[in-house]
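Me: I'm new to reading protein structures, and I'd like to go through this one with you. Can we take it piece by piece?

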Amino acid sequence: MAASSGPAGFGGAGPSGFAFDSGLEIKTRSVEQTLLPLVSQITTLINHKDNTKKSDKTLQAIQRVGQAVNLAVGRFVKVGEAIANENWDLKEEINIACIEAKQAGETIAALTDISSLNHPESDGQITIFTDKTGVIKAARLLLSSVTKVLLLADRVVIKQIITSRNKVLATMERLEKVNSFQEFVQIFSQFGNEMVEFAHLTGDRQNDLKDEKKKAKMAAARAVLEKCTMMLLTASKTCLRHPNCESAHKNKEGVFDRMKVALDKVIEIVTDCKPSGETDISSVSIFTGIKEFKMNIEALLENLYFQSKENLSATLEVILERTEDFTDSAYTSHEHRERILELSTQARLELQQLLSVWIQSQSKKTKSIAEELELAVLKISHSLKELKKELHRTATQLTADLLKYHADHVVLKALKLTGVEGNLEGLAEYACKLSEQKEQLVEVCRLLRHISGTEPLEITCVHAEETFQVTGQQIISAAETLTLHPSSKIAKENLDVFCEAWESQIGDMSTLLREINDVFEGRRGEKYGYLSLPKPMKNNANLKSLKPDKPDSEEQAKIAKLGLKLGLLTSDVNCEIKKWEDQENEIVRNGRNMSSMAYSLYLFTRGEGPLKTSQDLIHQLEVFAEEGLKLASSVQVFLKQLKDDDKLMLLLEINKLIPLCHQLQTVTKTPLQNQVFLKVDKCITKTRSMMAILVQLLSLCYKLLKKLQMENNRWVSVTNKDSVDGKT
């Protein structure tokens, strides 16, 4: 999965019963939103001119600013105190900071009060006009106390995530040791709720991260946890059904191990702790190395003594050594290999020429030598640019060919068939073929990492590499279990789940390839017009001081991409709906309504359809969230007809949908001032996640309904037969 927004189904609010929407993360965000207008208002106060005569209008404006600051501080203090009351270990520190903020706000309000200027008896009162340093001191105290509260609130959020992770780990340990199916059902239900809580906390944290690299790492770790939750369910059930099967235990242990690593990774990100010995992945990227090398040689034009020639030579050699990942690969064509080697040799020769001219320029400071040095820099820069192009062509062409070749998933289908047939010889043959495919994909991920162009995309490449490496081995162990127990429904279901994870990662690779091409060709962030988004009204006096929130090109591209994915998901939902014989089924009706509304939202991102303004959009989303909750209720009614074994998978999906509905309702009601695009982006992301879950729910409900009907028909058939036999 691409490391951008959170994975579908793993970023929602807690299930009904969890008070997340009014919890700490909402309060903390309120604190941050309060801070921004405070800074602006205080700056206005401090920057007012002392030496000019002030009109009554100016004096009143200054007083209004002072009062506004005091009111904003009051709201800020309430939020801070609410956080303090929920966290006793930090209560004293937060309260002290809140008291300081309150005192500073009151001081600013008093110093900007112009009523004393109208009363001669209070001429001795100190105001902003007689002692401006008083306001500056109060402002410093206020900003200091605000910063303290924000830092303390951040500590609380981190503590919450760590506590939630510890709860998940403790429940996982119980799941590892469980021996009875009944006990497993009970513990897994608790585990599902804890994972939803953890997903919500980490999803909010991911959205708040400013570092794109950390954000990509968090997205990758959360993607692992989302996919592994379903794997854990089927792998554990398989182990319980076949307790003496070694491959089943191996399969389950692999899932537990990967989830533990992902949980640790999340904690590393939120606490900003890097394990000793871990290297920065950017150090192995060729494109990053070339970028740094070009900056160094261009710096020589400004400063001849910027660095030594030994450093430049060593840096280039490191870059060219990394190109051996391409030239040594068995999958690189002869033509590409020869071209990479040729360009590498050319870069070495041009560096020698550059070093020669550089040494001359240090002793001869003539115009001709300076021009010669500039020409040498341009030549080697051009060679490295051509090398980048060739490496990009090699990696992307190889990836595209490989994805096309494996698009039909022949090997996975063959493994499923050999498993059902109990064909051990066939298993060995196709396991070997899957291992070869895995090695090809892993190598392609390594090559893509070199040419990805940005750190977040590098992280996504690493995530894809690890996913293929682990999932490939897990598919083989799951297939082995099915081959040994060919009539086992749960073993077949388990293999299906792991194969779906593999297919999903192949799909994510196609997205990753497109993103890498966009970055390389400079298409990232093309401008798209959103005709239906509102613009500030000219006749609204309150908006005169506000600058319109114009989205940058990256935001526009992101919304367009999310909208397109939403449109595709509506097609998937409609395909699932068509399978149902009873089109008036309550689940089908709810699903159809949600699909119709989601399609309107997709049209909105293109400037088309019935939704014309952002207010239309918000109203539609409120109805969409309500329809999602109705669907969850309909599914829960259906749930009562099922056996415990079948209930678990549906419960897992419902536990994802309900919190997302609540969170979408919160987003639609949260004011974002004039940040329209930010709100639209959040809403589309939540809607897309809900639609992805809807596809899963409709498919799962349809399968379970068919199974229920077959069992009922079998029971009726047996009853009728007994009745006939009795009459005879």
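Me: How far apart are the end C-alpha atoms of H8, and what should its 14 residues span?
Reply: Keeping in mind that this is a predicted model, the 14 residues of H8 should span 20 Å at 1.5 Å a residue, and the end C-alpha atoms are 20 Å apart, which agrees.

Me: What caps the N-terminal end of H8?
Reply: That is Ser285, which has a side-chain oxygen 3.5 Å from the backbone nitrogen of Phe287.

Me: And is Phe287 buried or exposed?
Reply: Phe287 has a relative accessible area of 7%, and because buried means under 20%, it counts as buried. The buried residues of H8 also include Ile290, Phe293 and Ile297.

Me: What sits over the ring of Phe287?
Reply: The charged end of Lys388 does, at 4.8 Å from the centre of the ring.

Me: Switching to aromatic pairs, how many are there?
Reply: The count comes to seven aromatic pairs. In one of them, the rings of Phe287 and Phe520 have their centres 6.2 Å apart and their planes at 35 degrees, so the pair is tilted. Phe287 lies in helix H8 and Phe520 in helix H16, so this pair ties together parts that are 233 residues apart in sequence.

Me: Is Phe520 buried, partly exposed or exposed?
Reply: Phe520 is partly exposed, with a relative accessible area of 31%.

Me: What about Trp580 and Tyr702, how are their rings placed?
Reply: The ring centres of Trp580 and Tyr702 are 5.9 Å apart and the planes are at 55 degrees, so this pair is tilted. The two residues link distant parts of the chain, with Trp580 in the loop between helix H17 and helix H18, and Tyr702 in helix H21, 122 residues apart. Trp580 counts as buried at 5% relative accessibility, while Tyr702 counts as partly exposed at 21%.

Me: Okay, new topic: how many salt bridges does the structure hold?
Reply: It holds 23 salt bridges. One of them joins Glu653 and Lys656, whose closest N and O atoms are 3.6 Å apart.

Me: Where are Glu653 and Lys656 in the helix?
Reply: Both are in helix H20, and being three residues apart, they are separated by about one helical turn. An α-helix has 3.6 residues a turn, so residues three or four places apart point the same way.

Me: Which residues are linked in a network of salt bridges?
Reply: Lys416, Lys492 and Asp496 are linked in that way. Between Asp496 and Lys416, the closest N and O atoms are 3.6 Å apart, and this pair links helix H16 with helix H13, the two residues being 80 residues apart.

Notes. Residues numbered from 1 in each chain as written. Predicted model: local features only at pLDDT ≥ 70, side-chain atom pairs only at ≥ 80, totals over all residues. Heavy atoms only, no water. Phe/Tyr/Trp six-rings, centres within 6.5 Å; stacked < 30°, edge-to-face > 60°. Helix = DSSP H or I, 4+ residues; strand = E, 2+ residues; numbered from the N terminus. Buried < 20%, exposed > 50% of the residue type's maximum accessible area, 1.4 Å probe, protein only. Lys NZ or Arg CZ within 6 Å of the ring centre and 35° of its normal. Expected span 1.5 Å × (residues − 1). Polar contact = N/O pair within 3.5 Å; in protein donor to acceptor, adjacent residues only side chain to side chain. Salt bridge = Lys/Arg side-chain N within 4 Å of Asp/Glu carboxyl O.
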